[in-house]
Amino acid sequence: MLAEESSRAVVAYSDAGFPSADSAHPSPDQLQKLLPGAYLASAEQLQSHLDARATRLLVLSYGSAFPEEGWPSIYQFLQRGGNLLVLGGRPFTRAAYRDSAGWHLRDYSIRFTRLLGIDQFQVTPGSEGLEFQTNSDLVPPLSRFAWKRAFSPVIRLSAVDLYARGGSAGSIDARLDALAWGTRDGRKLAAPALQVDHLRNGFDGGRWIFLNAEVTPEFYTSAEASDLIRSLAERAIRGSEEFTVRPFLPLYLPGESIQLDIVWHTNGPSTQPLTVKIVTFPEAQPSNRSVTTAPVPLSQPLVLPAPNMKGLHIIEAALTEGNKVRALYHSGFWIRDEAYLRSGPRLGVNQNYFELDGHPLAVVGTTYMSSEVQRLYFEHPNVYIWDRDFAQIRVAGLNMIRTGWWTGWDKFCDENGQPYERTLRTLEAYLLSARKNGLPVQFNFFAFVPDALGGVNFYLDPEAVRKQAALITAVVGRFHDVPYLAWDLINEPSFSQHLWTMRPNGDPVEVDVWNQWLSRRYPDRASLAAAWNLPSKAVQGTVSLPEVVEFEPRGMYVGRNSLKVYDYFLFAQDSFADWVRTMCKAIRSTGSQQLITVGQDEGGLLDRLSPAYWGQLVDFTTNHSWWQNDHLLWDSLLAKQPGLAMLIQETGLQRELNLDEVARRNPESEAALLERKVATSFVQGSGAIEWLWHTNSYMTESNETPIGAIRTDGTEKPEAEVMRDYAGLAKFLSEHLRNPQQPSIAMITSQAAQFSVMADFQIEAQRKAVRALAYYDRFTLYAIAENQVEKLGSPTLAILPSPQGLTETAWRSLLKYVKEGGNMLVTGPVDRDEHWHNTARMAELKLDAETEPLTYHNAAIQLGDRLVPLSFDQQKQSWLQSLRFNDGASLKEISYGNGRIFWAAYPVELAEGAQAAAELYAYVAGRLGVAPMFDLQSSLSPGVMVYPVALEDSVLYIMTSESADDAKVDLRDKLTGVRLTFQLAGQHAAVALIGRQEKGVVAKYGF
């Protein structure tokens, strides 16, 4: 074919002395033989040849290297739809420049690749030990070849956002296909040759083919290279192509005919007639085939007769040009099977764990939409792809799917919130596909903020809420008795258009509802003025929402105190809880008894919509552990609410970049972090759902594209192996997840401080407390939010870390707990209420002490005969208060009713480091007879967490290393007497399940 092309259609760059990078390169003679008829152009000649309209294909044969001076011409050529073939390496990552001494390579950089939509390249294995597998969906098949290592791109295939909001899907602008893979045990580990077809919104019509691998010099002298490179060039010069054959609906009723939408776009005209051959058959009876042919293009949709079988039907489509197959495509559809849809295991929860048909379930799942179109899977449903991908997930052993709507609600329902029939049938087909593969599903309705559906305010506008409830009611009504289905009302909710913060929307509806809320909470405006430290006149009439300056720590320095911020936080929490209540009522009105949740991230534990307020309205709480990698245990403990199971419903790896935009972590480091996240999900949690099974290249936001277990080219990242291994553990672990024993220590959070401009100090205090207790002292603990203190239970010790302030209601509940025999440790003062007014709490307890500003760097606390030093940094000295006991003590112990109160003069958790808090906790615990559940047989770094969970018939040990070094874990479990000894790799995790009856390890991970 190349020889038949017009003169100069193929230009191959070649320059004497030009260096290659990350791969061997052919000599000019070899290149000319490999590409007969191609013109070999030097750097000086590139521009003129690439400007020529006759040039259709550029070949670069130096691996990652390219001539920097030629980049403007190369980029312009690609922009106008020119085709590209790169032989070897990581394309466009090593620019070469020349001076009087010759050519020189610059360091690896993505400054050029980013303009091409490629953010990084990740190294994958060489061909040795792998099986060569061609992509059967592409013709002709690629010839076999060997490579030393391959390079998978992190790529964006969307140039345009479809919606102007966070989380929007991108348009389907390009498509990436692996031409071949290196596989082991059926798993794709390397993709050494890729094809990218550009369809629209940039580089239109261009096809880029990368031999994205390191090949040896011998490769270019081999017979395989001649056939391979010629084949790649012929494929590349054809330009981009788009061929799909999809049914109009992914699910049909018995007796309905099947309408097919056939799409064929190509960059060049066909020389012979085009025909599409379509084969359909029931997946359960592949020999029962129906064949239809039709010319292309078609003037109207192709209609197939109604199948006579329920279940999944497969469509195999082949586009032929003359007698030659040009393209292949697979899709499918379901014929409704009501009984099958509504059969299957029942998903449930108890107070601590998920259940499947009444049996405990250790959740190890993933999020999935479509490997083909990602978030646009309701617009372009393909049940063949769903079934294939679900089978891969099932074979990996994962046991739950999370999915839903993150974008495009206008495509799902009309202006009144009524879903389209196509929407409902698409969800039904998806559920049938999941049912076929034995995967329970959590379906998410909204993301970040619910769609206002034409209203003014997402949560407060009655019309918006009515339409949202109508959408949810109609969807749930259709599927209310599907037993393996759960509903997630909203993913990672914020309260306003200012995502990821707690700031007012500022619209008239919010102002009105805010004032109604204030009137209910403060019927007497004088009490409101007093609470906010304002003159009465300032709160007469319509009270404004807090402004940005009032959320700033130093707003009071410019005459704008921040005291109304606390009330705005409560207003937002109450308003969101009302919205959750309304949506739950809508779901229950259908007769559904399916599980309901809200998919909140760790922002809900910081300053956003908190499960401490909406948790009691749903069936289980969630957390999405993304950014707080140094606080994974804190994440889990705070998300767990009294009497409710908790699930780490999203977890994964956010990309981290160096200043030069190159990724900080390699895939192995990312997998180690995921390993720790999943392990920690079983600390008072039900397990974890990973985000995402397939990386999502159909977004314009580069933060999203690297996340997932399976790359766009179909290869597995190391984290896929992590999930597979945890899934193996879950099979053994599930039946043992019964009746976990409540820890003896509880940590109480101060929302009075956390919902103030001093929030950072309270968060730090909580995190220090968790680290000191679990990592240093080896205690287990649970956490209770201030507004949930009445559900504290009966721990031996309750710790109130550096509160500075607390509501009177919470304080009275804590005193009641102590009076009835509990023990409480308070660090620093707690004489302020939620509006930072002084109370007389110490005086009531007859503690002779004064509150004073903490204005010093050094202090010390006396613990028995030991003096523990404390140091406070500048920020703490500028904001915190401490106590001064009049007798000079630094720690007081007093009796109160049947219990005791330990009171430290200083906010110990806010001193530098965690050691002082650990020593204080160990001292107080020792006074109360509280001890760890295990004995260490040798020293262990506080960088290694060992967290046991006592279950009904076993003890689950969760061990994570946050240390740079490997560590020997050697401990004896006190409940069973079993000794556990192994080497834990630095920054990795291990899990061990010790049977009480077996007196040994019955299941394990990581060692």
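**A walk through the structure**

Counting salt bridges in this predicted model gives 68 of them, taking each one as a side-chain nitrogen of Lys or Arg within 4 Å of a carboxyl oxygen of Asp or Glu. Let's look at a few.

Start with arginine 149 and glutamate 214, whose side chains meet in a salt bridge with 2.6 Å from N to O. This pair links distant parts of the chain: arginine 149 belongs to strand β10 (residues 149–155) and glutamate 214 to strand β14 (residues 213–214), 65 residues apart. How open are the two ends? Arginine 149 has a relative accessible area of 27%, so it is partly exposed. Glutamate 214, at 16% relative accessibility, counts as buried, because the cut-off for buried is under 20%.

Next comes the salt bridge between aspartate 488 and arginine 402, with 3.0 Å between the closest N and O atoms. Aspartate 488 is in strand β29 (residues 485–491) and arginine 402 in strand β27 (residues 401–404), so this pair ties together parts that lie 86 residues apart in sequence. Here, both aspartate 488 and arginine 402 are buried.

Now for a pair found in a loop. Arginine 560 and glutamate 547 form a salt bridge whose closest N and O atoms are 3.3 Å apart. Both residues sit in the loop between α10 (525–531) and α11 (564–588), 13 residues apart. Arginine 560 counts as partly exposed at 30% relative accessibility, and glutamate 547 is partly exposed too, at 40%. Elsewhere, salt bridges with shared partners join up into a network, made of Glu256, Arg336, Glu338, Arg342, Glu421, Arg425, Glu428, Arg478 and Asp481.

Let's turn to helix α3, which covers residues 71–79. Which of its residues are buried? They are Trp71, Ser73, Ile74, Tyr75, Phe77 and Leu78. Just after α3 you'll come to glycine 81, which takes a positive phi of about 100°.

If you zoom in on β45 and β46 (residues 954–961), you'll find antiparallel pairing over seven bridges, with valine 944 opposite serine 961 in β46.

The largest nonpolar core has 263 residues, and Leu489 and Trp903 have the most contacts inside it. Which helix or strand gives this core its largest share? That would be α11, with 14 residues. Leaving out neighbours within four places in sequence, leucine 489 touches a set of residues including Phe445, Phe446, Ile472, Trp579, Val580, Met583 and Ile587. There is also a second, separate core of 36 residues, with Leu57, Leu138, Leu232 and Ala233 among them.

Key
Residues are numbered from 1 along each chain as its sequence is written. This is a predicted model: local features need pLDDT of at least 70, side-chain atom pairs count only at pLDDT 80 or more; totals for chains, interfaces and linings use all residues. Side-chain values use heavy atoms; hydrogens and water are left out. Helices (H or I, at least four residues) and strands (E, at least two) are DSSP runs, numbered from the N terminus. Buried means under 20% relative accessible area, exposed over 50%, partly exposed in between (1.4 Å probe, protein chains only). Two strands pair if DSSP finds at least two bridges between them. A nonpolar core is a set of buried Ala, Val, Leu, Ile, Met, Phe, Trp, Tyr and Cys residues joined through side-chain atoms within 4.5 Å. Contact means heavy atoms within 4.5 Å.
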